[in-house]
Amino acid sequence: MTGRFSIILLLLSFLFQFSFSQEAWDHKILLERIAKKGQAEVSIPYQGQKETDVLTRNVSIRSVRNNRIYIVLSSRDAEWFISKKYKYSIIEREEAKGIRSASSVSEAMQWESYPTYTQYDSIMRAFASEYPTLCRLDTIGTSIRGRLVLVLKITGNTGTGDYKPPVFYTSSIHGDETGGFILMMRFAEYLLKNYNTDSRIRELIDNLEIWINPLANPDGTYYGSNSIISPTRNNANGYDLNRNFPDPEVSNITKQKETIDMMRFLAKHRFVLSANFHSGEEVVNYPWDRWARLHADNDWFYGISRKYADTVHTHSPKGYMDFLDNGVTNGYEWYPVYGGRQDYVTWSLNGREVTIELDTNYVAPVSYLDNLWQYNKQSLTGYLENALYGIHGHVSDLYSDDPVPAMVFIDSHDKDNSQVYSDTLTGGFVRLLKPGIWNLTFSARGYRDTTLTNITVTESTARNLLVKMTPLSDTTGNEILLLYPNPAGSGVIYASLPSTMRGKSVNIRIYNLAGAEVADYNTNTSETMRL
């Protein structure tokens, strides 16, 4: 009995030493891979929402599927991960086999190879040079390594009104998610080439400001080289740029240069609609990523996401973009993300952004690039068309016609910064809403709140409003024009005029609560007039 007991103790001791040495060996492989490649990918068993929340605050989760969590580690977070003693598997990927660099700009623009960074720069400049009346090349900023973060502005010189809703497509904030990089360049070319022949494309370009940033993280995509050889998810400092935006739930985010530049660009343009393209899964992900509660316009978000995925399904083989709810998911229901760009744009800038995962491959093989285009081309066009729908309008001063920067909100509906604002320079605004009947209130400093009731929104159409706001008072002490009662429920409006306006010939225009003009005539003024 004693001998048997000794054998068991020796066996247990051996197993313990083997386990310890195996674990140490795995850590060594993990750290060596990070040192060589700039990152390593691991997976661990899914252990519930609470543990996932801890993980996502400390490391970069790539996906959650089939009861496993997929994580990308850099030199910044590997030590924390190892200290938690998770049982992990290192994931081997040979995605570099799918990369083929173009030999020239012309070959790269066949869209079946990957450009060098120099060729990418040349392609973007060529768009602006070849289509100078439609396209302008701009720079969002520079990366840590000094590479340009380029963006194209595409818009026509025609179109109604002085306000064109700005929209934004951006890709590859994760440098090793490359399918969207090529897709965005090809989509820009598609818009420019078809402006004169395709009425649908002309409608988009004439009535929107379309901004396209194919590559948000050039240091990650071109890690250590002018060619795409071994791209990394993070930036040159090892930060996941899609976990790097200000977040009300996280106080210790160290913003990177690329993030600061992007925030400045986003704040300047205040996009009414945007999409951020990724790879790793095939699904349209809508806000919120960080909260279980739903956005005020959750039904609208689901509707445009569903439309993107369903349109893809009509142009792709069965099995493409069918992850989770047949290609659609609420972000938090999938897994929580803090510091993400999608929630930053939607919360902090009152925008509307979704995240579109294009491909289960992170690095799309060159043989698959044309498939991605054929599957998504119509959805890319259709998504931007959403910005042409909903409620559009202009807010201006009742007397001077000067634009008024006003908050546009829906009482008992809006929450979590879902209200929008009219443009400071033009007074233009867009409120994207699901079909229904809505009451909109306009509020601006120095003006009386104005509420327009029973505004009908129908599917795939725009409702246009002209909103006139009445000043509260004249702070200079001068006489002002007073209209009463306001609103005029009886159908009669009286005007008390300042002395400088009496006895003059004036033009009078009257609008109803829906913003529609109901009277337009010239008359001579008196002290008090019935309009």
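This is a predicted model: local features need pLDDT of at least 70, side-chain atom pairs count only at pLDDT 80 or more; totals for chains, interfaces and linings use all residues.
Residues are numbered from 1 along each chain as its sequence is written, and side-chain values use heavy atoms, with hydrogens and water left out.

Let's start with the cavities. A cavity here is a set of points on a 1 Å grid over the protein atoms alone where a 1.4 Å probe fits but cannot get out, and lining residues have an atom within 4 Å of a point. A volume is the space filled by probe spheres set on the points, which are joined across faces, edges and corners. The structure has 2 cavities of 30 Å³ or more.

The largest cavity holds about 160 Å³ of space. It has 17 lining residues, and Asn242, Arg243, Tyr335, Thr355 and Glu357 are the closest to its centre.

And the second largest cavity? Its volume is about 80 Å³. Among the residues lining it are Ile140, Val149, Phe245 and Met262. Helix 9 (residues 257-269) gives the largest share of that lining, 4 residues; helices are DSSP runs of H or I, at least four residues, numbered from the N terminus.

Now the helix pair. The axes of helix 6 (residues 179-194) and helix 14 (residues 369-385) come within 10 Å and cross at roughly 60°. Axes are lines fitted to C-alpha atoms over the stretch in contact, with angles from 0 to 180 degrees between N-to-C directions.

Notes: Helices (H or I, at least four residues) and strands (E, at least two) are DSSP runs, numbered from the N terminus. On a 1 Å grid over the protein atoms alone, a cavity is a set of points where a 1.4 Å probe fits but cannot get out, and a pocket is an open set with protein on both sides within 12 Å along at least five of seven lines; lining residues have an atom within 4 Å of a point.
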